[in-house]
Amino acid sequence: MTPKEVLQLANEKNARMVDLKFLDFVGIWQHFSIPISELKEEIFEEGLGFDGSSIRGWQPIHASDMLVVPDPATAVMDPFMETPTVSLICNIVDPITKEEYTRDPRTIARKAEAYLKSTGIADTAYFGPEPEFFILDDVRYNQTSHQGYYFLDSVEGVWNSGREEHPNLGYKPRHKEGYFPVAPTDSQQDIRTEMCLVMESVGIQIERQHHEVATAGQAEIDMRFDSLVKMGDKLMWYKYIVKNVAWRWKKTITFMPKPIFGDNGSGMHTHQSLWKGGKPLFAGNKYGGLSDIALWYIGGVLKHARALNAFCNPGTNSYRRLVPGFEAPINLAYSSRNRSAAIRIPMYSPSPKAKRIEVRFPDPSCNGYLAFAAMLMAGLDGIQNKIDPGESLDKDIYGLSPEELSKVPSACGSLEEALNAMKDDHEFLLKGDVFTQDVIDTWIEYKMDKEVNPVKLRPVPYEFALYFDC
């Protein structure tokens, strides 16, 4: 869509407002709105000013002025505004130099796509994330100097099987038994369907939706794959739509990887493939029907996986999910069909066009633009250096002997460990100036100062059960 076509869309839909959306450094959508009378073709070149010092991880106060430049190709009607509103996703530009802002996640993703083309290896990287989330009915949490707690509730929570509900009708999914039961055990078919329909209204193609494994309303809605930047945009729409549809139903959503103890966490398995000239590059006659290029890509992702954790598993809560011996794929190996490996080769279809890899350790708390770009850069490093991924692992990883398991490397066990891994291994991210040294340093500093150290300083409730009487 061109700027002129955006103006035509606004006129056809009788839009009164324009909403300008962009992503902060950490991964939360920000926005401001202008009247439709202010929507001129010039703003797609000149942009609009805002205070960059008020955005997490961005500018200092003495150099705060920044520009948002709307991308006309992203124009859709916002499905939640009462007043007809055109929504545009924006890139961030320095008002003095007119250069793209290096800490803007969407800019990083765009540079990753440009770098891919510059290598001559491929012209398109497709990503198909599968974000999981919980649909909850109540959430309360607080932390002060003398108390700290969280409380989550769901009408589906198995812990409510004995609650007075006047009447309690039962049918609450047991722990780890939420995968695919029909109604009334699955009580959330209609809300998930509404989420799907709203996503389709903004151009997101939906492949399926279903209840996920955990009790308490764990859900998954799968989008059809798309190119890197477009999928980054769609993931932001996905989160926005899921949260706002739930709000209509007087429910709430969390993409936290591990909000509930004793049940499955929420992952974001991410399917990936490279194409060139309209032809898939991952199909071949090697293991799992893969090509050498695909195996080298896997080799790059596995080699750099611990550094990738810093972007793909970016919170302290991420590592409540990535725990050895449980459901998460913390072992850095690859396999066809085996879901306990960090990288799986799906075998659903023999078509070369369907040949892809599935990286299973990311979670939905991540900033999609950064995570997708980082995985692509790792995979390209694998191709450029022909990194051998080693032997496939086709056994049940959780059934391996300690001796066998000791030979399989593991993902990081904490956010601090992941940040240290990125500190030691990030040269592959700097190629083509996709990620700058400033971005890497700022990410590590922000996460340590705002997340790792604050969590370290605070006692958690279970510590009182363990140590109060010591």
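## Exercises: helices, cysteines and loops

Arg-106, Ala-109, Arg-110, Ala-112 and Glu-113 in helix H3 touch Leu-228, Val-229 and Asp-233 in helix H5 (a contact means heavy atoms within 4.5 Å; helices, H or I of at least four residues, and strands, E of at least two, are DSSP runs numbered from the N terminus). Keep in mind that this is a predicted model, where local features need pLDDT of at least 70 and side-chain atom pairs pLDDT 80 or more, while totals for chains, interfaces and linings use all residues. Residues are numbered from 1 along each chain as its sequence is written, and side-chain values use heavy atoms, without hydrogens or water.

**Exercise 1.** Work out how H3 and H5 are oriented relative to each other.

*Solution.* Start with the axes: those of H3 (residues 105-119) and H5 (residues 228-248) come within 8 Å and cross at roughly 155°. That angle makes H3 roughly antiparallel to H5. The axes are lines fitted to C-alpha atoms over the stretch in contact, with angles from 0 to 180 degrees between N-to-C directions; under 35 is roughly parallel, over 145 roughly antiparallel, 65 to 115 roughly perpendicular, and the rest oblique.

**Exercise 2.** Decide whether H5 and H7 are enclosed or open to the outside.

*Solution.* Take H5 first: 16 of its 21 residues are buried, so H5 is largely enclosed by the rest of the structure (buried is under 20% relative accessible area, exposed over 50%, partly exposed in between, with a 1.4 Å probe and protein chains only). Now try H7 (residues 305-312): seven of its eight residues are buried, so H7 is largely enclosed too. Those buried residues are Ala-305, Ala-307, Leu-308, Asn-309, Ala-310, Phe-311 and Cys-312. What do they pack against? Among their partners are helix H6 (292-303), helix H9 (368-384) and helix H13 (437-457).

**Exercise 3.** Find out how many disulfides there are, then check Cys-312 and Cys-412.

*Solution.* Searching the whole structure gives zero disulfides (you'd need a pair of cysteine sulfur atoms within 2.5 Å). For Cys-312, the nearest cysteine sulfur belongs to Cys-366 and sits 6.2 Å away, and Cys-312 is in no disulfide. Cys-412 is in no disulfide either, and its nearest cysteine sulfur, that of Cys-312, is 11 Å away. As for burial, Cys-312 has a relative accessible area of 0% and is buried, and Cys-412, at 1%, counts as buried as well.

**Exercise 4.** Look for positive phi values elsewhere, at Lys-250 and Asp-433.

*Solution.* Asp-433 has a positive phi near 60° and sits in the loop between H12 and H13. With a relative accessible area of 44%, Asp-433 is partly exposed.
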